[in-house]
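Colleague: I am new to this structure. Please walk me through it.

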Amino acid sequence: MLTKKQLDLLNFIHRRLQKDGVPPSFDEMKVALDLRSKSGIHRLITALEERGFIRRLAHRARAIEILRLPENMSSTVDGPGKNQPEPTSAAIEFTSPRAAPAISPQNTPPASVIASLEIPVMGRIAAGVPIEAINQISHQIAIPQTMLSSSGKHYALEVRGDSMINAGINDGDIVVIRETDTADDGDIVVALIADEEATLKRLFRRNGAIALEAENPAYETRILAPDQVKVQGRLVGLIRSY
């Protein structure tokens, strides 16, 4: 049996998939369910997945497939097969920390024909307490070209820690980074601190200083002098294995 919040979220995702062909963003889910943070959405999605109502698709960030609906939702859904609709899925590539463009199932080619490129995995990046700087290639990984920006070099890092969990970045995820030394306020970046430590955080400029902000209230924002922080790249994609 689902809780009211779980049922409300499942209904909201289903209606959005039926209407637009793509699932809602975590921010939209949070607003729709009147929750204070996206961590509550993560817990609800995990509960729905554990109960077999949805499935998050591997290797695609925020890709949700509805497997079935409970009987008590039969009066709230439209179209054929009210009690057991055809599985509905869509993939949203995490190409921006602010707004991720949607890719509908009709426009997404089969995995077998999606072109890919190999990029280097430079090791691990801390989403928590900073670890020593990344400077060695550990191996190569194949990335769909649709996840990469049209210009610039790219590399990948394995995430360690949970400080970015409310941005949908979990421990063990692979983040795809486009090399750049500039960033806008609010971008999720690889930041090199004092030429010694590297971390994955949101960057803001405040009163002549640099703020590196986590997406987890358990971690404090770090305020540093501009000459202590070097941007090494900006987040453009994420890969997760289940």
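Predicted model: local features only at pLDDT ≥ 70, side-chain atom pairs only at ≥ 80, totals over all residues.

Colleague: How many helices and strands does the protein have?
Modeller: Helices (H or I, at least four residues) and strands (E, at least two) are DSSP runs, numbered from the N terminus. On that basis the secondary structure comes to three helices and 14 strands.

Colleague: What share of the residues is buried?
Modeller: Buried means under 20% relative accessible area, exposed over 50%, and partly exposed in between (1.4 Å probe, protein chains only). The protein has 242 residues, and the buried share is 46%.

Colleague: What share of the contacts joins residues 24 or more positions apart?
Modeller: Contact means heavy atoms within 4.5 Å. Take the contacts with a separation of 6 or more. Residues 24 or more positions apart account for 60%.

Colleague: Let us turn to the helices. What span should α1 have, and what does it have?
Modeller: The expected span is 1.5 Å times one less than the number of residues. Helix α1 has 17 residues, so it should span 24 Å. Its end C-alpha atoms agree with that, being apart by 24 Å.

Colleague: Which residue follows α1 with a positive phi?
Modeller: Within α1 the buried residues include Leu-9, Leu-10, Ile-13 and Leu-17. After the helix comes a residue with phi near 85 degrees: Gly-21.

Colleague: What about helix α3: how far apart are its end C-alpha atoms?
Modeller: Helix α3 covers residues 38-50, which is 13 residues.

Colleague: Which elements do the buried residues of α3 pack against?
Modeller: Among the buried residues of α3 are Ile-41, His-42, Leu-44 and Ile-45. Just after the helix, Gly-52 takes a positive phi of about 80 degrees. The packing partners of the buried residues are α1 (4-20), α2 (26-32), β1 (54-56) and β2 (64-66).

Colleague: Which backbone oxygen does the side chain of His-42 reach?
Modeller: His-42 lies in helix α3 and is buried because its relative accessible area is 11%. Setting aside neighbours within four places in sequence, His-42 is in contact with Phe-26, Ile-165, Asn-166 and Gly-168. A polar contact is a pair of N or O atoms within 3.5 Å; within protein, one must be able to donate a hydrogen and the other to accept it, and residues adjacent in sequence count only if both atoms are side-chain atoms. The side chain of His-42 reaches, at 3.3 Å, the backbone oxygen of Ile-165.

Colleague: Is Asp-34 buried or exposed?
Modeller: Asp-34 is found in the loop between α2 and α3. Its phi is positive, about 60 degrees, although it is not a glycine. With a relative accessible area of 67%, Asp-34 is exposed.

Colleague: And Asp-173: which backbone nitrogen does its side chain reach?
Modeller: Asp-173 lies in the loop between β8 (154-160) and β9 (174-178). Its relative accessibility is 2%, so Asp-173 counts as buried. Beyond its neighbours within four places in sequence, its contacts include Leu-157, Gly-168 and Arg-240. At 2.7 Å, its side chain reaches the backbone nitrogen of Asn-170.

Colleague: What is the relative accessibility of Ile-177?
Modeller: Ile-177 lies in strand β9. Not counting residues up to four places away in sequence, Ile-177 touches several residues, including Tyr-155, Val-190, Leu-200 and Leu-235. Ile-177 counts as buried because its relative accessibility is 0%.

Colleague: Which ring does the charged end of Arg-206 sit over?
Modeller: A charge sits over a ring if NZ of Lys or CZ of Arg is within 6 Å of the ring centre and within 35 degrees of the ring normal. Arg-68 lies over the face of Phe-53, at 3.9 Å from the ring centre. The charged end of Arg-206 sits 5.0 Å from the centre of the ring of Phe-204.

Conventions: Residues numbered from 1 in each chain as written. Heavy atoms only, no water.
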